[in-house]
Amino acid sequence: MMGIVFTEFFDMVEHRHGLRMSEQLLDAVAPANEGAYTAVGNYDHQDMMRYVAELARDTGRSVDMILAEFGEYLFEVFVRRYPGLIESAGSAIEFLGSVEAFIHVEVVKLYPDAELPHFEYPVREQGRLVMVYRSSRWLAPFALGLIRGCIAHFGDALEVRMTDLSEQGTRARFEITPVA
Amino acid sequence: MNESDELPLLRRKLARERKAREEAETLLEAKARELHERNRELRRSNEELERFAYAASHDLRAPLRTIAGFSDLLQRKEAASMSDSGREFLELIQEAVSQMDNLIEDLLQFSRANRVEVNFEPIDLAEVIDDASDRLRSLIEQQSATIEVGPLPQVSGHAGLLTRLFQNLISNGCKFARPGVPPVVRISAAPDGDQVCVRVEDNGIGIEPEYQEQIFQMFARLHNADDYPGTGIGLALCTRIVERHSGRIDVVSQPGEGATFRVWLPGPAGGGS
């Protein structure tokens with residue numbers, strides 16, 4: 001998993017829960033690199049799942065909720081770090097519709113080792129988009145958070161509904177529609 | 001959390017960040033080495049490809065001259081005793097030989113544009129345009145074209161390559177004429193920062209917006225060879241020559257309203273790589 005996901009995860013934890021919580025997570029997971037993450041590195045995604053599980057336990061929330069919150073947080077980070085990529089689209093639907101064909105292509109240029117999920121688009125209509133997420137990792141709630149972050153960034157009156165197609169978070173359907 | 005609680009945590013964080021920075025530096029050094037190696041391989045492979053293109057084009061010329069020579073001989077000595085279809089076949093052979101000769105010439109020119117060393121010297125653009133127009137004299141006469149040249153400044157570059165560049169652009173302006181409209185090609189230039197922007201404007205058929213980038217690619221042809229002959233190398237060669245001068249080229253055009261090719265070249269004090 002891309003190093004930037006780890007570095008930003010710990011930034012979020014420290015910002016929202018304090019430095020002690022970051023240290024607690026690192027002590028609990030005890031990663032091989034002692035938590036010395038760099039944005040340009042690549043790390044075992046299982047470690048991230050362990051951190052999320054620990055944070056969920058320590059804060060009394062669900063893993064899915066933590067992943068979704070982190071997704072939203074990370075989208076804001078992407079807006080700050082890669083404004084050109086985000087501003088290439090004029091709306092949330094336009095941006096989300098270009099994730100597979102454009103955004104992921106650009107991400108791989110920046111991070112050649114990145115293992116990215118795949119999206120299919122069974123429905124592309126004016127103001128409505130359906131994305132089917134497929135990944136070997138259980139990170140559909142994280143994708144949900146990124147989509148929410150995207151909608152919030154563009155300020156569009158949209159809502160997203162996730163349906164887990166695999167019950168394990170490896171396949172999910174996201175339906176993005178105007179707010180009812 | 002009070003300060004004494006926080007201090008050990010901050011120390012740990014600092015130690016982690018130091019380790020991460022060292023790891024990032026190691027990763028970046030490895031990436032830089034990898035990039036350098038790939039760059040070297042790419043350069044080597046490009047050089048091999050250029051050598052191959054040059055050798056292949058050069059070696060193709062000899063047998064082609066033999067074919068051209070014998071088909072000329074055949075036409076001069078045997079055409080009278082040939083049937084009509086025999087003479088037609090012979091003409092088709094000669095036409096194909098001429099097309100192939102043009103293609104080989106363009107490939108050799110392209111290869112030369114890559115190989116020649118560009119020592120940036122002050123060049124009188126007016127002389128370059130004169131020279132290019134002289135070389136196109138028969139095409140200009142054949143097309144009843146008019147070449148109008150405004151005041152031109154000095155630029156910096158390679159005279160031979162620049163002559164070839166403007167020869168191609170003027171030749172395009174003459175060739176891609178609207179039916180029944182004699183071509184007029186206007187050449188003008190103006191300083192643009194430390195560069196000179198040269199405009200080669202024609203009154204020809206113009207170019208659809210969607211093809212205005214594609215035309216600069218190798219072997220890009222928008223028209224049937226019978227309507228507008230060419231090899232599809234001319235503008236790729238122009239691009240290469242301009243790149244060798246650290247400049248750029250583009251086109252502004254509307255279909256049916258002519259085209260303006262704009263070329264930015266180093267000014268007289270400039271130079272490039």
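So, in what order do the five strands of the open sheet in chain B run? The order is β2-β4-β5-β7-β6, with mixed pairing; two strands pair if DSSP finds at least two bridges between them. Strands here are DSSP E runs of at least two residues, and helices are H or I runs of at least four, numbered from the N terminus.

Quick housekeeping: this is a predicted model, where local features need pLDDT of at least 70 and side-chain atom pairs count only at pLDDT 80 or more, while totals for chains, interfaces and linings use all residues. Residues are numbered from 1 along each chain as its sequence is written, chains are lettered from A in the order written, and side-chain values use heavy atoms, leaving out hydrogens and water.

β2 (146-149) and β6 (248-253) of chain B are the edge strands, each pairing on one side only. β6(B) runs antiparallel to β7 (residues 259-266) of chain B, joined by six bridges, and B:Ser253 sits opposite B:Ala259 in β7(B). Helix α5 (residues 159-175) of chain B packs on the sheet, and its direction makes about 170° with that of β7(B) (axes fitted to C-alpha atoms, for helices over the stretch in contact; angles run from 0 to 180 degrees between N-to-C directions).

Now the interface. The contact (heavy atoms within 4.5 Å) takes 13 residues from chain B and 16 residues from chain A. Between the two chains we count five salt bridges, meaning a side-chain nitrogen of Lys or Arg within 4 Å of a carboxyl oxygen of Asp or Glu. One salt bridge joins the side chains of B:Arg12 and A:Glu23, at 3.0 Å, N to O.
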